[in-house]
Amino acid sequence: MEKPGKISPAKGKLGVLLPGMGAVSTTFMAGVELVRKGKAQPVGSLTQLGTIRLGKRTEARSPQIKKFVPLGELKDLVFGGWDIFKDNAYQAASKAGVLSLQDLQKVKPFLSKIAPMKAAFDREYVKKLDGSHVKKGKNKYDLALQIKEDIEKFRKAQRVSRLVTVWCGSTEVFIRPEEVHSTPTKFVEAMKANHPAIAPSMLYAWASVTSGVPFANGAPNLTVDIPAIQQLALEHEVAVCGKDFKTGQTLMKTILAPGFKARMLGLAGWYSTNILGNRDGEVLDDPGSFKTKEESKLGALEYILQPQLYPMLYGKIHHKVRINYYPPRGDNKEGWDNIDIFGWLGYPMQIKVDFLCRDSILAAPIVLDLVLFLDLAQRAGMRGIQEWLSFYFKSPMTAPNLYPEHDLFIQLMKLKNTLRWMMGEGLITHLGQEYYD
Ligand SMILES: NC(=O)c1ccc[n+]([C@@H]2O[C@H](COP(=O)([O-])OP(=O)(O)OC[C@H]3O[C@@H](n4cnc5c(N)ncnc54)[C@H](O)[C@@H]3O)[C@@H](O)[C@H]2O)c1
């Protein structure tokens, strides 16, 4: 792909559309408003806090990312969303129990005004949930057209110049790619025929992409990871990315595993278990939704460790992932990892990680960065899969026949080099021979 030409400026308001107004969405929106009011700091956000080195180390040029690339500003963000429950963002955030009531009070008028639009929903795909705030339509295609109308109404009412959609809805049951996902025409026919392989999240993806709105997928569902939507993304010149926000245990895995591999330490097994008690945990208690999550979580180690290249070190790994719904914990998940590694002469060692994490606190800055980077990509004319945003995902989407890059540090290098490339700066290879010439 050629280097983008001129990046159009981030003028006007940027609308953020969130299918699913639960723990992650409301923590994200409340957080943006708290930061805008100067009452909190955007910790965890690369777009807000990160810097980027340019040129040689001796040049001492390390601007903030948000000053280096023409990103949208927090003040320009406006929010909308859909949910199967009628609760406005303040009520939903209070129920999610992530942020303290004291923090929520500070942004109550702002959150209370964000009411969800009716959802396109079907219990077949999220068995543990049932809500009444849902659209009616004669088939799935009709529901998708209604979502398109919602998008256009939001665009007009909020007078936004650009939009981005981020799926923050529940994890749906496991669906394999099928023939109906292969082309845009077959996809439309399947929507009209109410085909079971068309999940509600795909209706939002189709509506968004065909409305020219970039789409990020925060859950492990297939959603935009199918040829039909990817082809539409190219035709409509829309940027897409996914899947499944990289938070908690998988974040730890993609930090630790590259380290073991870098030092050629072997791995015999990695047992991961979680307890969590939020609505996401309840949804994942259903075997269908868990299967979708499990596939997403299991992939990372295999790709990082490359057992085909290192059969002696990584050829026989016992990798298990468990998620247990345990209501008393709420959103404050606990993730245990028992890691059996081996070193020199095969001598075994163990590492235990006990991460008392706050899921949505880790996910909210990811949503913010994805909104701002996808909007940037869109203005730069970058369309289709945005692999440079793999940094944010458990199962990064890639071009067909390409294996995904899971190593967090390679992902970050790729992200920053993409920003340098977009702005016409030299890429950083870390060779550094010139300092010794
Ligand atoms: N919290 C994290 O750290 C994290 C990390 C990775 C991925 N995720 C994924 O992000 C998603 C959101 O997580 P959460 O903790 O906010 O969950 P949540 O259960 O609090 O919120 C999800 C919301 O989506 C709504 N919903 C479900 N189906 C819908 C549909 N078809 N249309 C509109 N709304 C719908 C639900 O009613 C719920 O309010 C989940 O899929 C989760 O697996 C979260």
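1. Lys333 has Cys357 of β10 as the residue opposite. Strands β9 (residues 332-342) and β10 are paired in the antiparallel sense, through 11 bridges. Strands count as paired if DSSP finds at least two bridges between them. Strands (E, at least two residues) and helices (H or I, at least four) are DSSP runs, numbered from the N terminus.

2. The model is a predicted one: local features need pLDDT of at least 70, side-chain atom pairs count only at pLDDT 80 or more, and totals for chains, interfaces and linings use all residues. Residue numbers start from 1 along each chain as its sequence is written.

3. Strands β9 and β10 belong to an open sheet of 4 strands, in the order β8-β7-β9-β10, and its pairing is mixed. Because β8 (318-325) and β10 (348-358) are at the edges with a single partner strand each, one side of each has no neighbour in the sheet. From one strand to the next, the twist averages 10 degrees.

4. Two helices lie across strands of this sheet. Helix α13 (residues 287-305) lies across β7 and β8, at about 150 degrees to β8. Axes are lines fitted to C-alpha atoms, for helices over the stretch in contact, and angles run from 0 to 180 degrees between N-to-C directions. Residues are in contact if their C-beta atoms, placed from the backbone, lie within 7 Å.

5. A further open sheet has 7 strands in the order β3-β2-β1-β4-β5-β6-β11, with parallel pairing. Its edge strands, β3 (117-118) and β11 (384-385), each pair on one side only. Within this sheet, β5 (residues 215-217) and β6 (residues 239-241) run parallel and are joined by 2 bridges; Phe215 has Val240 as its bridge partner in β6. Helix α7 packs on the sheet and touches β1 (13-19), β2, β3 and β4 (160-167), its direction making about 145 degrees with that of β1.

6. Helix α7 (residues 140-158) also packs with helix α8 (residues 184-192), at an angle of about 105 degrees and with the axes 6 Å apart. Helix α7 is therefore roughly perpendicular to α8, a term that covers angles of 65 to 115 degrees. Lys140, Tyr141 and Ala144 of α7 make the contact with Val188, Met191 and Lys192 of α8. By class, these residues are 4 nonpolar, no polar and 2 charged. Nonpolar covers Ala, Val, Leu, Ile, Met, Phe, Trp, Tyr, Cys and Pro; charged covers Asp, Glu, Lys and Arg; the others, Gly among them, are polar.

7. The chain is assigned domain 1 (13-245 + 361-422) and domain 2 (249-358), with bounds from an automatic or database domain assignment. Their centres, taken over C-alpha atoms, are 25 Å apart. In the contact between them, 28 residues of domain 1 meet 29 residues of domain 2. On the side of domain 1 that touches domain 2, α15 and α16 (408-422) each supply at least two residues. That side divides into 14 nonpolar, 7 polar and 7 charged residues.

8. The ligand is surrounded by 37 residues, the closest being Gly20, Gly22, Ala119, Ala219 and Arg279; the criterion is a C-beta atom, placed from the backbone, within 6 Å. Helix α15 gives the most, with 4 residues. By class, the shell has 20 nonpolar, 12 polar and 5 charged residues.

Note on methods:
Parallel < 35°, antiparallel > 145°, perpendicular 65-115°, else oblique.
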